[in-house]
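Please look over the sequence and the fold below before reading on.

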Amino acid sequence: MSARSHITTHVLDAVSGSPAASVGVVLEQHVDGAWRELATAQTDADGRVADLGPEAVSAGRYRITFETGSYFSARGQSTFYPYVTIVFELDDESAHYHVPLLLSPFAYSTYRGS
């Protein structure tokens with residue numbers, strides 16, 4: 001089992017009230033005016049990605065993109081948001097950053113988790 005990475009996430013399907021498994025996730029860092037991919041993953045059966053990217057990252061701007069269209073399509077549901085992208089600033093290089101997503105076909109919410 002790998003160590004928990006500096007940035008983690010989980011996705012909860014608010015309609016079913018259950019974890020959103022098999023959601024594609026991409027982590028990128030903004031460097032020199034462009035986005036650089038750091039990692040790709042899929043949420044596990046509990047809707048989590050505990051090993052998204054490196055164990056440590058530098059301060060800066062990051063984004064996580066969730067492939068929500070594929071998730072809903074696999075369930076026979078349409079969605080207004082084929083992707084959800086969350087951009088955030090990491091300023092404390094010693095802190096763990098958890099970026100959760102609460103998802104439905106026509107709305108989403110996020111917050112800085114712990």
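**Core, annotated site and loops**

The largest nonpolar core has 24 residues, and those that touch the most other members are I7, I64 and F66. The model behind this description is a predicted one. Two or more residues of this core come from each of the elements β1 (7-13), β3 (24-31), β5, β6 (60-66), α1 (68-74), β7 (84-90) and β9 (101-104). Strand β7 gives the largest share, four residues. As a general background, nonpolar side chains in soluble globular proteins tend to be buried together.

Residues up to four places away in sequence are not counted here. On that basis I64 touches I7, V25, V26, L27, L52, V84, T85, I86, F88 and V99.

V49 is in strand β5. Is V49 buried or exposed? V49 counts as buried because its relative accessibility is 2%, and the cut-off for buried is under 20%. Apart from neighbours within four places in sequence, V49 is in contact with T8, T9, V25, A41, Q42 and T43. Between the C-alpha atoms of V49 and I7 the separation is 9.1 Å, and the two residues are 42 residues apart along the chain.

Next comes the annotated site. The UniProt record, an unreviewed entry, places the feature "binding site" at H10, R48 and Y111. These residues can be taken in turn.

H10 is in strand β1. With a relative accessible area of 15%, H10 is buried, because the value is under 20%. The side chain of H10 makes a polar contact with the side chain of H98, at 2.7 Å. Leaving out neighbours within four places in sequence, the residues in contact with H10 are G47, R48, H98, V99, P100, L101 and Y111. Both R48 and Y111, which the record lists with H10, are therefore contacts of H10.

R48 lies in strand β5, which covers residues 48-52. Its relative accessible area is 37%, so R48 is partly exposed, falling between the 20% and 50% limits. Not counting residues up to four places away in sequence, R48 touches T9, H10, Q42, T43 and H98.

Y111 lies in the segment after β10 (107-110). With residues up to four places away in sequence left out, Y111 touches H10, H98, V99 and P100. H98 is a contact of H10, of R48 and of Y111.

Which value does phi of S22 take? Phi of S22 is near 65°, which is positive in a residue other than glycine. S22 is in the loop between β2 (18-19) and β3, and S22 counts as partly exposed because its relative accessibility is 45%. D32 is in the loop between β3 and β4 (34-42). Phi of D32 is near 50°, again a positive value in a residue other than glycine. D32 has a relative accessible area of 79% and is therefore exposed, the cut-off being over 50%.

Conventions
Residues numbered from 1 in each chain as written. Predicted model: local features only at pLDDT ≥ 70, side-chain atom pairs only at ≥ 80, totals over all residues. Heavy atoms only, no water. UniProt positions renumbered as here; feature names shortened; annotations may be inferred. Buried < 20%, exposed > 50% of the residue type's maximum accessible area, 1.4 Å probe, protein only. Contact = heavy atoms within 4.5 Å. Core = buried A, V, L, I, M, F, W, Y, C linked by side-chain atoms within 4.5 Å. Polar contact = N/O pair within 3.5 Å; in protein donor to acceptor, adjacent residues only side chain to side chain.
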